[in-house]
Amino acid sequence: MRAPSEPSPPSAEEARALVEQRAAALGFAAVGVARADVALEPEFARYEAALAAGLHGPLAYLAENVEARRRLDGADILVGARSVIVATVRYDQRDEYDGAPVPALAQGIARYARGRDYHNRIRKALRKLATFVRTLGDGVEARPMIDTAPVLERAWAARAGVGFLGKNGLIITPGQGSYALLGEVVTTLEITPDTPIEERCGQCTRCLDACPTRAFARPFVLDAGRCISTWTIEVAAASPEPLREAVSGRLFGCDVCQEVCPHNAKERPAGRFADTFAPHERWRRLELRDLARLGLADGPRWEELAEGTPLFRAGPAGLARNACLALGRAGDAGALPLLREIAREHPSDVVRDAASWAVARLSR
Ligand code: B12
């Protein structure tokens, strides 16, 4: 029971304003709120249709725990959840730092992944936001999430009005663009929700037209089986031969569908998390050849090379595979002896295969 002198908890409307203030103070670039106790329809139906059409490609985990993605207020996420706060963290879109271009190696890495592993940093900020939310009412529960739960993050972000889903499949915040990651705090607290923003792609189809692998099945819908990110980050297997030439142009992830987007045309000041995303100084010292040698008996140590960076996710063989393809694409015949050695001696058949592809391409 509350003592008469104790302040009463904020109203849903007041909670909305307080959360917004706190999120801004923690460095989030945009924040919005959606009702968590309403199932995601029709977004969930679209997701199921995408799975039925096989658009998850080799990403089998997208077809697991499907029902859990429909709502947030059940046992899978948070029993009794009333609101989901969606907050964005802007990453860097700069091509130059202090007058120097991004190191050559890092240019092949998607912008969100050029720096340090961002998960811990964002998780910390989300935890602080969740701790704050818990103070807004008796017995309030709050669960922070980033990439850790089976949740359709973009669908919730659109509901929460932090941006609209663009034809490139990404959340675009008007005035800020799409170079941002999403995080959530799901809570039992009732907070006045925001209204979704209307889609603002208009007749533009630049992302669909520029995609090097033609990975969009149609506007707003990506075929993950064709996306360069899938074949350079997520899967251990070799990319399909028809996509190999396009995949070889990128070392880790791809931003083409964001780079051509008019909503990203204006370079914006780096956000509060800029130091996390600025190109790692390691990428200045290393070359593609160093990465290609990962896994050879005299190759570099994986931990020293990738630990603490997002590239760790690809694994040593994944990164060696990507580097071999990139060497083939770069057209430097000087790499041929190394690639031949890898094609002969690497313990991974996927890496040997990538090196053979590169040798054939350089020998053309
Ligand atoms: C798996 C995954 C991938 C896979 C598959 C991508 C995909 N399209 O699903 C791969 C490896 C290819 C990938 C790539 C990238 N990803 Co990713 N990925 C995820 C992850 C972990 C799950 C996504 C998921 O559930 N997909 C299942 C598919 C079938 O569902 P869906 O596409 O969401 O389905 C919706 C749409 O189809 C939509 N829809 C369909 N038709 C229509 C029509 C209309 C009118 C509307 C409104 C909606 C709509 O409705 C469905 C339900 O929402 C999320 C994190 C998360 N938990 O959400 C990050 C996430 C989506 N990825 C992210 C990023 C940054 C990227 C990359 C930019 C990384 C890079 N630079 O390489 C690329 C971009 C590729 C692209 N253009 O989509 C960010 C996106 C941030 C943002 N601003 O939107 C997320 C949210 C991670 C995060 N926490 O920030 N990713």
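1. Two strands are taken to pair if DSSP finds at least two bridges between them. In this predicted model, β5 and β8 meet that criterion, pairing in the antiparallel sense over four bridges.

2. Strands β5 and β8 belong to an open sheet of four strands, ordered β1-β2-β8-β5, in which the pairing is antiparallel. The edges are taken by β1 (30-35) and β5 (142-145); each has a single partner strand, so one side of each is left without a neighbour in the sheet. From one strand to the next, the twist averages 20°.

3. Helix α4 (residues 119-134) lies across β2, β5 and β8, and runs at about 165° to β5.

4. On the division of the chain, the assignment gives domain 1 (12-187) and domain 2 (206-270 + 278-362). Their C-alpha centres are 26 Å apart. The contact between the domains takes 35 residues from domain 1 and 42 residues from domain 2. On the domain 1 side, the residues that touch domain 2 comprise 17 nonpolar, eleven polar and seven charged.

5. The ligand deserves a separate point. Which residues come nearest to the ligand? Of the 39 residues around the ligand, these are A110, E153, A155, L181 and G253. The elements that give two or more residues to this shell are α2 (43-52), α5 (153-159), β8 (180-187), β10 (221-222) and α7 (228-234).

6. By class, its residues divide into 25 nonpolar, seven polar and seven charged. Domain 1 (12-187) and domain 2 (206-270 + 278-362) each supply at least three residues to the shell.

7. Two packed helices are described by the angle between their axes and the distance between the axes. For helix α15 (residues 336-345) and helix α16 (residues 349-362), the angle is about 145° and the axes are 8 Å apart. The crossing of α15 and α16 is left-handed. From α15, L336, L339, R340, I342 and A343 take part in the contact, meeting V351, R352, A355, S356, A358, V359 and L362 of α16. By class, this contact of α15 with α16 has nine nonpolar, one polar and two charged residues.

8. Most residues other than glycine have a negative phi, and most peptide bonds are trans. The bond joining E41 and P42 is a cis peptide bond, with omega about 10°; P42 is placed in the loop between β1 and α2. D98, although not a glycine, has a positive phi of about 50°. Where in the chain is D98 placed? D98 is in the loop between β3 (96-97) and β4 (100-101).

Methods: Residues numbered from 1 in each chain as written. Predicted model: local features only at pLDDT ≥ 70, side-chain atom pairs only at ≥ 80, totals over all residues. Near = placed C-beta within 6 Å. Nonpolar A, V, L, I, M, F, W, Y, C, P; charged D, E, K, R; others polar. Domains from an automatic or database assignment. Axes fitted to C-alpha atoms, helices over the stretch in contact; angles between N-to-C directions. Left-handed = near helix turned anticlockwise from the far one by under 90°. Contact = placed C-beta atoms within 7 Å.
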